[in-house]
Amino acid sequence: MPSPTMELEAGIRAALRDVIDPELGHNIIDLGMVYDIDVSTGGAVTVLMTTTARFCPASAFLTEAVTARAGSVSGVSRVDVQLTYDPPWSPDFMAPEIALRF
């Protein structure tokens with residue numbers, strides 16, 4: 001049986017499927033842009049993610065959308081989005097069914 005933390009993380013991942021990368025037209029989960037979701041005691045969440053390029057013009061849009069969608073999940077009290085470029089995003093990170101379209 002999944003723990004409450006695992007269930008909350010699954011709910012956040014599901015919510016983040018609504019965040020569409022404007023450049024590639026697919027959600028950031030299937031694109032492999034979300035590297036980690038850490039759920040702490042009390043529902044504080046840290047999302048470690050990347051963008052397709054270091055100076056991506058959509059960075060602010062994406063971080064705001066991730067904060068809003070993750071924050072809308074019941075049980076989430078706070079969201080901190082951290083951008084990283086280590087490792088740099090690559091099309092290899094895409095879900096196989098998405099990668100086939102590119």
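## Helix H1

The expected span of a helix is 1.5 Å times one less than its number of residues. In this predicted model, helix H1 covers residues 4-16, and its 13 residues reach 18 Å from the first C-alpha to the last, close to the 18 Å expected. Four residues of H1 are buried: Leu8, Ile12, Ala15 and Leu16. Seen down the axis of H1, these buried residues fall within an arc of 95 degrees, so they line one face of the helix. The elements covering them include strand S1 (34-39), strand S2 (44-49) and helix H2 (59-71).

Before H1 comes a segment that holds Ser3. Ser3 has a relative accessible area of 29% and is partly exposed. Between the C-alpha atoms of Ser3 and Arg17, which are 14 residues apart along the chain, the separation is 22 Å.

## Helix H2

Helix H2 also has 13 residues, which should span 18 Å at 1.5 Å a residue; its end C-alpha atoms are 18 Å apart, in agreement with that value. The buried residues here are Ser59, Leu62, Thr63, Ala65, Val66 and Ala70. Around the axis they cover an arc of only 165 degrees, which puts them on the same side of H2. They pack against H1, S2 and S3.

In soluble globular proteins, nonpolar side chains tend to be buried together. In this model the largest nonpolar core has 29 residues. H1, S1, S2, H2 and S3 each supply at least two residues of this core. The residues with the most contacts inside the core are Ile12, Leu16, Ile28, Val34, Met49 and Val66.

Two of these names, Ile12 and Leu16, are among the buried residues of H1, and Val66 is one of the buried residues of H2. Leaving aside neighbours within four places in sequence, Leu16 is in contact with Asn27, Ile28, Ile29, Val34, Ile37, Val47, Val66, Arg69 and Ala70.

## A buried aspartate in a loop

Asp21 is placed in the loop between H1 and S1. Its relative accessibility is 0%, so Asp21 counts as buried. The side chain of Asp21 has a polar atom 3.0 Å from the backbone nitrogen of Glu23. The Asp21 side chain also reaches the backbone nitrogen of Leu24, at 2.7 Å.

Not counting residues up to four places away in sequence, Asp21 touches His26, Ile28, Leu31, Met33, Thr52 and Leu62. Of these, Ile28 is among the residues with the most contacts inside the largest nonpolar core, while Leu62 is one of the buried residues of H2.

## The aromatic pair

A pair of aromatic rings is described by the distance of the centres and the angle of the planes. The structure holds 1 aromatic pair. Tyr35 and Phe93 form this pair, with 5.9 Å from centre to centre and 80 degrees between the planes. The arrangement is edge-to-face, because planes over 60 degrees apart count as such.

Note on methods. Residues numbered from 1 in each chain as written. Predicted model: local features only at pLDDT ≥ 70, side-chain atom pairs only at ≥ 80, totals over all residues. Heavy atoms only, no water. Buried < 20%, exposed > 50% of the residue type's maximum accessible area, 1.4 Å probe, protein only. Arc of directions from axis to C-beta. Contact = heavy atoms within 4.5 Å. Polar contact = N/O pair within 3.5 Å; in protein donor to acceptor, adjacent residues only side chain to side chain. Phe/Tyr/Trp six-rings, centres within 6.5 Å; stacked < 30°, edge-to-face > 60°. Core = buried A, V, L, I, M, F, W, Y, C linked by side-chain atoms within 4.5 Å.
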